[in-house]
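Hi,

Here is the structure I promised to pass on. My notes on its aromatic rings follow below.

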Amino acid sequence: MASSIIKHIPVRCVLKTSEKCFRICGTRPLCASGKDGGYATRPERSSSVPKIYTKTGDKGFSSTFTGERRPKEDQVFEALGTTDELSSAIGLAREFCIDQGHPFTEELDKIQCVLQDVGSNIATPRSSARESHIKKTKFMGQPVSDLESWIDKYTEELPPLANFILPSGGKSSAALHMARSVCRRAERSVAPIVRSGEADPEVAKFLNRLSDYLFTVARYAAMKEGNQEKIYKRPE
């Protein structure tokens with residue numbers, strides 16, 4: 001089961017990376033064994049190396065954190081996959097932003113770690129969860145407040161938005177817009193799970209606010225780099 005969860009929960013802040021997540025976010029990601037900390041197995045012999053593949057999903061089924069086996073096309077795994085894709089898109093955008101020296105790259109770091117918590121919450125359907133599962137994967141509202149604070153901070157420096165903007169404004173900005181569009185898709189995939197009571201409502205709020213944040217910092221990146229944003233013009 002553990003390896004199956006690792007493959008489908010975007011809980012990949014593992015081994016040394018888990019320490020980085022702890023330093024940035026103040027929390028450790030949930031490991032596949034259900035314990036706090038990075039994913040690591042104690043080998044029977046020092047020469048043994050854990051394998052990344054387990055073959056447990058070869059028949060098209062995978063496990064939630066609660067141990068429930070579901071088809072890989074289940075809503076839960078669709079939402080997990082899209083959330084994982086979102087984190088990857090943010091990671092790519094972050095690399096462009098680091099090259100340009102943008103001040104919000106540490107915020108992107110923290111957001112990627114929070115997305116690990118989002119994945120853990122989604123992967124713990126309330127209908128099959130024990131109290132210990134729910135306690136370990138509960139998603140709180142502080143990350144939503146953080147996003148709102150960051151949005152307000154950057155909006156104060158931006159010119160008023162008077163037109164529809166096309167994804168543009170340089171590599172950093174365009175990559176952030178791409179992440180924003182993936183975020184919207186992640187939100188759509190999570191919405192029915194939250195409405196059914198299988199995930200915490202704050203998860204949907206976080207993704208909704210995150211798309212606004214990514215739009216804001218995309219504009220901010222374009223402005224700081226001196227790049228012109230493309231304005232929508234109705235074709236003649």
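In this predicted model, F104, Y154 and Y220 are joined into a cluster by ring pairs. Rings of Phe, Tyr and Trp (its six-membered ring) pair if their centres lie within 6.5 Å; planes under 30 degrees apart are stacked, over 60 edge-to-face, and the rest tilted. That rule gives six aromatic pairs. In one of them, F104 and Y154 have ring centres 6.1 Å apart and planes at 80°, so the pair is edge-to-face. F104 sits in the loop between α3 (75–99) and α4 (105–122) and Y154 in helix α6 (residues 142–155), so this pair ties together parts 50 residues apart in sequence. Helices are DSSP runs (H or I, at least four residues), numbered from the N terminus. F104 is buried at 0% relative accessibility, and Y154 is buried at 3% (buried is under 20% relative accessible area, exposed over 50%, partly exposed in between; 1.4 Å probe, protein chains only).

F164 and Y232 also pair edge-to-face, at 6.4 Å centre to centre and 80° between the planes. Here F164 is exposed at 65%, while Y232 is partly exposed at 39%.

Back to Y154: T216 of helix α8 (residues 201–225) touches I151, Y154, T155 and L158, leaving out residues up to four places away in sequence. A contact means heavy atoms within 4.5 Å. T216 is buried, at 8% relative accessibility.

On conventions, residues are numbered from 1 along each chain as its sequence is written, and side-chain values use heavy atoms, without hydrogens and water. As the model is predicted, local features need pLDDT of at least 70 and side-chain atom pairs count only at pLDDT 80 or more, while totals for chains, interfaces and linings use all residues.

Best wishes

Notes: Helix = DSSP H or I, 4+ residues; strand = E, 2+ residues; numbered from the N terminus.
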